[in-house]
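Grab a pencil and keep the viewer open. Below are a few exercises, each followed by a worked solution.

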Amino acid sequence: MNFLLSVAFVLCWSSGFIGAKLGAGSAPAATILMWRFLPLAVILLAVSAAGGAAFWRVLTLRDMARQGLIGLLSQSGYLLTVYYAIQLGVSSGTTALIDGVQPLVAGALAGPLLRQYVAPRQWLGLCLGATGVTVVTTADAAANTADAWWAYLIPFLGMLSLVAATFLENRSRTRVAASASMTVHCITSAVLFTALAAGTGTVTPPPDMTFWAAITWLIALSTFGGYGLYWLILKRSGVTKVNTLMFLMAPVTAAWGALMFGEPLGLQALLGLAVTLGAVVIVHRGNTSPTEQQVP
């Protein structure tokens with residue numbers, strides 16, 4: 001079951017980069033993100049209303065505020081930087097590469113912040129994974145296809161935002177149901193992105209079916225699939241293992257982009273994919289101490 005969840009998570013999370021590229025050619029980032037989260041917020045609000053007071057009774061105002069902050073970091077901050085970078089010309093593979101740094105950052109901070117110490121064997125896997133991700137996307141980054149050099153710095157902000165959200169969630173002593181947390185996160189993102197789109201005059205969606213195809217793709221695969229599975233695997237397996245799977249995003253995105261958009265996928269990318277797969281095996285077979293599990 002854990003293996004199938006991991007495969008589904010990698011595919012669904014990678015689909016977000018592909019969906020962002022699908023929509024980037026037809027609308028600004030704020031428009032895409034607004035129409036991605038506004039329907040989601042309406043649907044989840046309707047579901048919560050149907051559930052009655054029981055849906056929210058376990059949440060205090062402090063819990064809701066905390067979940068709102070986690071949503072701002074893990075959804076709003078992370079996605080805005082990814083979409084904006086792609087809009088500026090940073091390729092999906094390079095964006096995924098920068099996100100691939102997240103496991104090393106999270107692994108380095110897991111010990112002092114969460115008491116989830118990383119074993120030497122797992123550090124080997126983490127470093128090997130970073131090497132594989134770098135091999136896959138170095139050539140693409142060297143092409144310098146973005147509008148400006150600083151565009152490559154934007155995804156780093158998103159990566160740090162997601163790391164912060166991950167640790168904030170793990171340090172919480174209140175366990176919030178996935179349905180309730182996703183509802184709060186999506187409502188928070190819908191409000192923020194609607195305000196952003198209104199402020200930039202980009203509320204109106206383009207009369208293009210490609211845009212709506214991208215929105216459907218992002219809602220079904222990236223949000224319900226990738227985002228939901230991220231928190232599920234995080235709670236089941238801990239920070240180190242869930243973030244190790246992030247190493248697979250760059251090579252999988254590169255392969256997916258080659259199939260859908262004809263992006264080049266040569267021997268270098270295939271070699272990097274093999275190295276990254278090896279890194280995931282090493283970490284997931286490493287010794288797991290009790291402190292590596294979720295801290296209550």
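**Exercise 1. Work out how α4 sits against α7, and which residues make the contact.**

Start with the axes: those of helix α4 (residues 92-99) and α7 come within 8 Å and cross at roughly 40°. Axes here are lines fitted to C-alpha atoms, for helices over the stretch in contact, with angles running from 0 to 180 degrees between N-to-C directions. That angle makes α4 oblique to α7 (under 35 degrees is roughly parallel, over 145 roughly antiparallel, 65 to 115 roughly perpendicular, and the rest oblique). Next, handedness: α4 passes α7 in a right-handed crossing, meaning that the near helix is turned clockwise from the far one by less than a right angle. Now the residues: T95, I98 and D99 in α4 meet P155, F156 and M159 in α7, where contact means heavy atoms within 4.5 Å. By class, that gives four nonpolar, one polar and one charged (Ala, Val, Leu, Ile, Met, Phe, Trp, Tyr, Cys and Pro are nonpolar, Asp, Glu, Lys and Arg charged, and the others, Gly among them, polar).

Before going on, some ground rules: this is a predicted model, where local features need pLDDT of at least 70 and side-chain atom pairs count only at pLDDT 80 or more, while totals for chains, interfaces and linings use all residues. Residues are numbered from 1 along each chain as its sequence is written, and side-chain values use heavy atoms, with hydrogens and water left out.

**Exercise 2. Check the length of α7, then decide whether α7 is mostly covered or mostly open.**

Helix α7 covers residues 154-170, 17 residues in all. From first C-alpha to last, α7 reaches 25 Å, close to the 24 Å expected at 1.5 Å a residue (the expected span is 1.5 Å times one less than the number of residues). As for cover, 13 of the 17 residues of α7 are buried, so the helix is mostly covered (buried is under 20% relative accessible area, exposed over 50%, partly exposed in between, with a 1.4 Å probe and protein chains only).

**Exercise 3. Find out whether S14 is buried or exposed, and what S14 touches.**

S14 is found in helix α1. Its relative accessible area is 0%, so S14 is buried. Ignoring neighbours within four places in sequence, S14 is in contact with M249, V252, T253 and W256. Look those up in α11 (residues 249-261): the buried residues of that helix include M249, V252, T253 and W256. Just after α11, G262 takes a positive phi of about 70°.

**Exercise 4. Zoom out: how many helices and strands does the protein have?**

There are 12 helices and zero strands (DSSP runs numbered from the N terminus: helices are H or I, at least four residues, and strands E, at least two). Of the 296 residues, 52% count as buried. Among contacts between residues at least 6 apart in sequence, 90% join residues at least 24 apart.
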